[in-house]
Amino acid sequence: MSRIALLTAAVTLLAGAALAHTGATGVVKDRMDLMGVLDRAMKDLATLIRAPGETDDTRLGELAVTIRDHAGATMTAKFPEGSLHRPSEALPAIWSGWADFESRADRLRMLADALVDAAATGETTPPDASTFPIAGVQRLTEEQAREAPPSVLVAHISANCSACHLEYRED
Ligand code: HEC
């Protein structure tokens, strides 16, 4: 495909994705809105973590609280059994694998809670990030999460979002 054709295809895909969500109603709309809040918080977190100089711990804490408060049971309550009406991209595997689905939502809560703590502590000499498990490859235990610096936690939170989508959302 030519470069122009590729670009056009990409733009069409994006437009399709945006359109697919108009017309969502009820609990499907509620959870799309919840996911949208998480998405914006993750984008802001990524920008914050990458910014040079001292991290703004107050803002870091606020974003971590936003994620924590939309995870766990708050998130899973928006997935009542069989709620698959269009334009939902949720997969039926959510309900056949409910315990796993729930544990991923709880794990997001745990990681975000550790980030709330890390922001409150504002470590002056953060531990060496390379000593922690690699995000997307290995999981942090809760004990490790409580010791991890913000950059490591943000990477693991992001990997947690993607891993759940891979299992339970249409691509
Ligand atoms: C426990 C599993 C799980 C976790 C954890 C999770 N998601 Fe989702 N997410 C889903 C499912 C399932 C859908 C599809 C919902 C639907 O279309 O009905 C979804 C949809 C989305 C959408 C699309 C919303 C829309 O308007 O269609 C975005 C954006 C999103 N998630 C972002 C995130 C971010 C960012 C995180 C992490 C901070 C996250 N999600 C964590 C399961 C999860």
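Buried residues account for 23% of the 171 residues in the protein. The structure is a predicted model. It contains eight helices and zero strands, so the elements, read from the N terminus, run α-α-α-α-α-α-α-α. Among contacts between residues at least 6 apart in sequence, 73% join residues at least 24 apart.

Helix α2 covers residues 26-50, which is 25 residues. From its first C-alpha to its last, α2 reaches 37 Å, close to the 36 Å expected at 1.5 Å a residue. Helix α6 has 24 residues and reaches 35 Å between its first and last C-alpha, close to an expected 34 Å. After α6 comes Gly-122, with a positive phi near 50 degrees.

Within α2, the residues Val-28, Arg-31 and Leu-45 are buried. The buried residues of α2 pack against α3, which spans residues 57-69, and against α8.

## How the helices pack

The table gives the angle and the axis distance for each.

| Helix pair | Angle | Axis distance |
|---|---|---|
| α2 and α3 | about 155 degrees | 9 Å |
| α2 and α8 | about 150 degrees | 11 Å |
| α6 and α8 | roughly 165 degrees | within 10 Å |

What does the angle say about the directions of α2 and α3? An angle over 145 degrees counts as roughly antiparallel. The angle between α2 and α3 is about 155 degrees, and these two helices are therefore roughly antiparallel to each other. Their crossing is left-handed. On the α2 side, the residues that meet α3 are Val-37, Leu-38, Ala-41, Asp-44, Leu-45 and Leu-48. On the α3 side they are Arg-59, Leu-60, Leu-63, Thr-66 and Ile-67. Sorted by class, this contact of α2 with α3 has eight nonpolar, one polar and two charged residues.

Met-42, Leu-45, Ala-46 and Ile-49 of α2 meet Pro-150, Ser-151, Val-154, Ser-158 and Cys-161 of α8. By class, the contact of α2 with α8 has seven nonpolar, two polar and no charged residues. Leu-45 of α2 is listed in the contact with α3 and also in the contact with α8, and Leu-45 is buried.

Helix α8, residues 150-168, also packs with α6, residues 98-121. Their axes cross at roughly 165 degrees, which makes α6 roughly antiparallel to α8. The crossing of α6 and α8 is left-handed. In α6, the contact residues are Phe-101, Arg-104, Arg-107, Leu-108, Leu-111, Ala-112, Ala-114, Leu-115, Ala-118 and Ala-119. In α8, they are Pro-150, Leu-153, His-156, Ile-157, Asn-160, Ala-163, Cys-164 and Tyr-168. The residues of this contact between α6 and α8 divide into 14 nonpolar, two polar and two charged. Pro-150 of α8 meets residues of α6 and residues of α2.

Where does Pro-87 lie? Pro-87 is in the loop between α4, residues 72-76, and α5, residues 93-96. A cis peptide bond joins Arg-86 to Pro-87, with omega at about 5 degrees.

Another proline, Pro-126, is in the loop between α6 and α7, the latter spanning residues 142-147. Pro-126 has 15 other C-beta atoms within 10 Å, so it counts as partly exposed. The C-alpha atoms of Pro-126 and Glu-147 are separated by 9.3 Å, although the two residues are 21 residues apart along the chain.

Ser-103 belongs to helix α6. This serine, Ser-103, is partly exposed because 14 other C-beta atoms lie within 10 Å. Ser-103 and Gly-72 are 31 residues apart in sequence, with 8.0 Å between their C-alpha atoms.

Which residues does Arg-169 contact, leaving aside its neighbours within four places in sequence? They are Glu-89, Ala-90 and Leu-91. Arg-169 is placed in the segment after α8. With 14 C-beta neighbours inside 10 Å, Arg-169 is partly exposed. From Arg-169 to Ile-94 the C-alpha distance is 8.8 Å, and the two are 75 residues apart in sequence.

Note on methods:
Residues are numbered from 1 along each chain as its sequence is written. This is a predicted model: local features need pLDDT of at least 70, side-chain atom pairs count only at pLDDT 80 or more; totals for chains, interfaces and linings use all residues. Axes are lines fitted to C-alpha atoms, for helices over the stretch in contact, and angles run from 0 to 180 degrees between N-to-C directions. Helices (H or I, at least four residues) and strands (E, at least two) are DSSP runs, numbered from the N terminus. Angles under 35 degrees count as roughly parallel, over 145 as roughly antiparallel, 65 to 115 as roughly perpendicular and the rest as oblique. A crossing is left-handed if the near helix is turned anticlockwise from the far one by less than a right angle, and right-handed if clockwise. Two residues are in contact if their C-beta atoms, placed from the backbone, lie within 7 Å. Ala, Val, Leu, Ile, Met, Phe, Trp, Tyr, Cys and Pro count as nonpolar, Asp, Glu, Lys and Arg as charged, and the others, Gly among them, as polar. The expected span of a helix is 1.5 Å times one less than its number of residues. A residue is buried if 20 or more other C-beta atoms lie within 10 Å of its own, exposed if 12 or fewer, and partly exposed in between; C-beta atoms are placed from the backbone.
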